[in-house]
Amino acid sequence: MTDRPTPAEAARALQEAEHRRDQVFASVQESRWVAVVCGTVLFACLAAPDFFGSEATRWTSPLLAVLSVTYAVMLNTRRGSALLGRPTRLRRKEIAPRFATIARVILLLVMAAGLAAAFIPHPGIPLPYWRTVAGVLLGGFVIVFGRRSEQALLAVARRDRTEGKDLGWAHGGR
């Protein structure tokens, strides 16, 4: 005769597993300082041409590219993730495939719109310091709503996921 758990024990074990899963999802967020630094850098890079002239794009564009690549590399290493205040990360299979597909399509559309805006000739926007305004809006959004947006996206990605596949939801980096 095998030792089978009672229904109460099984229910308690499932509740504990769900509680652990909630803890993992709650721990997958950046430190506040990361949002502040990212928002400040976005503001500085966007506003620099308004204050230092068009030559500022010679150093702001490469700076933004280097910081973006550095951030992406740090997210994919254990030490880098820990420095960013993100000791755990979700396994890819925990993110709903439908959500991942929609997120990729939206990201590609945003990138295409950005490239189109960069290459479409515009004689000049009549709003003075429009780059500064864009920097304040984008940088401010990242600083104020970055963590909330991240948690909202995780909630949507989690809600879409079918339950009960695997109990190994997170791991520390790669």
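Predicted model: local features only at pLDDT ≥ 70, side-chain atom pairs only at ≥ 80, totals over all residues.
Good morning. I begin with the end of the chain: over residues 161–174 the pLDDT stays under 50, and for this stretch the model has 37 contacts beyond four places in sequence. Here pLDDT is the predictor's confidence in each residue, from 0 to 100, and contact means heavy atoms within 4.5 Å.

Residues are numbered from 1 along each chain as its sequence is written, and side-chain values use heavy atoms, with hydrogens and water left out.

For the protein chain, the average pLDDT is 78, and 84% of the residues score at least 70. Which elements have the lowest and the highest mean pLDDT? The lowest, 44, belongs to strand β2 (residues 170–171), and the highest, 89, to helix α2 (residues 32–52).

Let me turn to the overall arrangement. The protein chain contains six helices and two strands, and along the sequence their pattern is α-α-α-α-β-α-α-β. Helices (H or I, at least four residues) and strands (E, at least two) are DSSP runs, numbered from the N terminus. Among contacts between residues at least 6 apart in sequence, 84% join residues at least 24 apart.

Of the 174 residues, 21% count as buried. Buried means under 20% relative accessible area, exposed means over 50%, and partly exposed lies in between, with a 1.4 Å probe and protein chains only. The accessible surface of the chain comes to about 12,400 Å², and 69% of that surface belongs to carbon and sulfur atoms. Such areas come from the Shrake-Rupley method with a 1.4 Å probe; for residues, only the protein chains shown count as cover.

The next topic is a database record. An unreviewed UniProt entry lists residues 33–53, 59–78, 99–121 and 127–145 under "transmembrane region". UniProt positions are given in the numbering used here, feature names are shortened, and annotations may be inferred rather than shown by experiment. In the model, residues 33–53 are 95% helix and 0% strand, with end C-alpha atoms 29 Å apart. Residues 59–78 are 90% helix and 0% strand, and their end C-alpha atoms are 30 Å apart.

Which residues of α1 are buried? They are A17, R21, V24 and F25. Seen down the axis of α1, these buried residues fall within an arc of 95°, so they line one face of the helix. The arc is that of the directions from the helix axis to the C-beta atoms. On the other side of α1, R12 and Q15 are exposed. In general, an α-helix has 3.6 residues a turn, so residues three or four places apart point the same way.

F25, in helix α1, is buried, with a relative accessible area of 5%. Beyond its neighbours within four places in sequence, F25 contacts L90, E94, Q151, L154 and R158. The C-alpha atoms of F25 and L90 are separated by 7.7 Å, although the two are 65 residues apart along the chain.

R158 lies in helix α6 and counts as buried at 18% relative accessibility. R158 and F25 are 133 residues apart along the chain, and their C-alpha atoms are separated by 8.6 Å.

Finally, T132 is also found in helix α6 (residues 130–160). T132 counts as buried at 13% relative accessibility. Not counting residues up to four places away in sequence, T132 touches F43, L46, A47, D50 and F51. Thank you.
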